[in-house]
Amino acid sequence: MSFAAKANTLWEYANPRKFLATSERVLPFFWMTSFVCLVVGLIWGFFFTPDDYKQGSTVKIIYLHVPAALMAINCWLMMLATSLVWLVRRHHVSALAARAAAPIGIVMTLIALVTGAIWGQPMWGTWWAWDPRLTAFLILFLFYLGYVALWEAIEDSDTAADLTSVLCLVGSVFALLSRYAVNFWNQGLHQGASVMRAAAVTGADTEEKVSNIYFYPLLVCIIGFVLLFIALVLYRTGTEIRARRIKALLARERLKG
Amino acid sequence: MIALLLRDLKLAFRAGGGFGLGLAFFLIVTVLVPFSVGPQSSLLSTIAPGVLWLGALLACLLSLDRLLALDWEDGSLDLLATAPLPLEAVVSIKALAHWITTGLPLVLAAPFLGVLLNLPVPGFFWLVISLLVGTPAMSVIGTFGAALTVGLKRGGLLLSLLVLPLYVPTLIFGAEVARRGATGMETQTPLLMLAGITAATIALLPFASAAVLRINLR
């Protein structure tokens, strides 16, 4: 009983009218909180944390680099989920949300790559290295480009939604495969996961983890990026829905006139 | 199924261009490489396995837009879709025909082009083996890309943008086999990975290709 009620509340937003009404109500909240989080996190991180003893002040790039990289991957996961929802349940809002998210993912991937290059230059002595993590991100960027290009190329929007959804599913498998293939192909310069490991956060192992001094502002920045991403997706999905409505209205006008 | 395969093969042989074009492209890419990197034979023999793999991959890509587009234009794709044969089988046959007309000649031509690039002697065997195992995956993945873009007027460029990222794992493991083989290292791990990718794509991707083709034929 409770499960059915819960399911109902989620699927209600498949109705564009309901989606728009709710998203308009919650959007200001998301904009504001993400803005506050980013301002607080970045100012805290940039001005009120000490320089690293080895990396100097370049360590502070972490406040942009890590959240952007995190969102670049999560954005693709969100597109995968909404694509699946579209293929299974044929909710238009879902397909439009996937379409709206893709350019945000491109920008996040670019931010991660560019800040990584700026960070890598003083630390590793090179802007770019064919390190597995870097390479995998570049490949992810190519997947995003292909996905967006396919959306743009097809005129009929339902066909486009279908084809891009299948591409997203197949692409996910191949992106994952590429991630492990490049691991096999070259050894890395990039450090391993050192922010979100449970053991590292609780302080159980002190070997390689981001110090708490950096971790707390970083956490604020990550929350800020997540909220910003949600706000952007809701906003852009609303735009897509309205663009679709305008198209329908124009078609109706032409039919009358 | 056999009839469809024979038909596709006949068309590829008789239509001209399609069959030899990939090979000629492979040859010309290989010939251009020394012009761009210099004629030192030691350098050429180091990069030979990778260059030959890349050349084969691009040659494979070149013929993809003809794979389904011709049948789409003259309407025979609609007939094939309504035929008793499941669409999954049709796209598998199409991929097989593409491999026989493009992949297999590339495999056979690769050793001769290896001579041009001064490939080390143990490399020849592993180059042929890796291409033999890897090119079917390229045909099957390419068929998926061709099915995605079949309805588009200028799908050629988009096709390469969509397919090339999908070729990454195949290229990595395939070139790794050839490179390790050329320098006398053990090749078992990448070869098994390559074979795994090929087997998995042959088994699974025709379903995606057929699904996509059904959407495009709607």
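**Helices in chains A and B**

Chain A contains eight helices and zero strands, where helices (H or I, at least four residues) and strands (E, at least two) are DSSP runs numbered from the N terminus. This is a predicted model, in which local features need pLDDT of at least 70 and side-chain atom pairs count only at pLDDT 80 or more, while totals for chains, interfaces and linings use all residues. Residues are numbered from 1 along each chain as its sequence is written, and chains are lettered from A and ligands numbered from 1 in the order in which they are written.

Of the 257 residues of chain A, 37% count as buried, that is, with 20 or more other C-beta atoms, placed from the backbone, within 10 Å of their own.

The unreviewed UniProt entry annotates "transmembrane region" in chain A at several spans, including residues 26–49 and 61–88, although such annotations may be inferred rather than shown by experiment. In the model, residues 26–49 of chain A are 92% helix and 0% strand, with end C-alpha atoms 33 Å apart, and residues 61–88 of chain A are 96% helix and 0% strand, with end C-alpha atoms 41 Å apart.

In chain B, helix 3 (residues 41–62) packs with helix 7 (residues 121–148) at an angle of about 30 degrees, their axes lying 10 Å apart. Helix 3 of chain B is therefore roughly parallel to helix 7 of chain B, a term for angles under 35 degrees. By class, their contact has ten nonpolar, four polar and no charged residues, with Ala, Val, Leu, Ile, Met, Phe, Trp, Tyr, Cys and Pro counted as nonpolar, Asp, Glu, Lys and Arg as charged, and the others, Gly among them, as polar.

Notes. Buried ≥ 20, exposed ≤ 12 C-beta atoms within 10 Å, placed from the backbone. Axes fitted to C-alpha atoms, helices over the stretch in contact; angles between N-to-C directions. Parallel < 35°, antiparallel > 145°, perpendicular 65-115°, else oblique.
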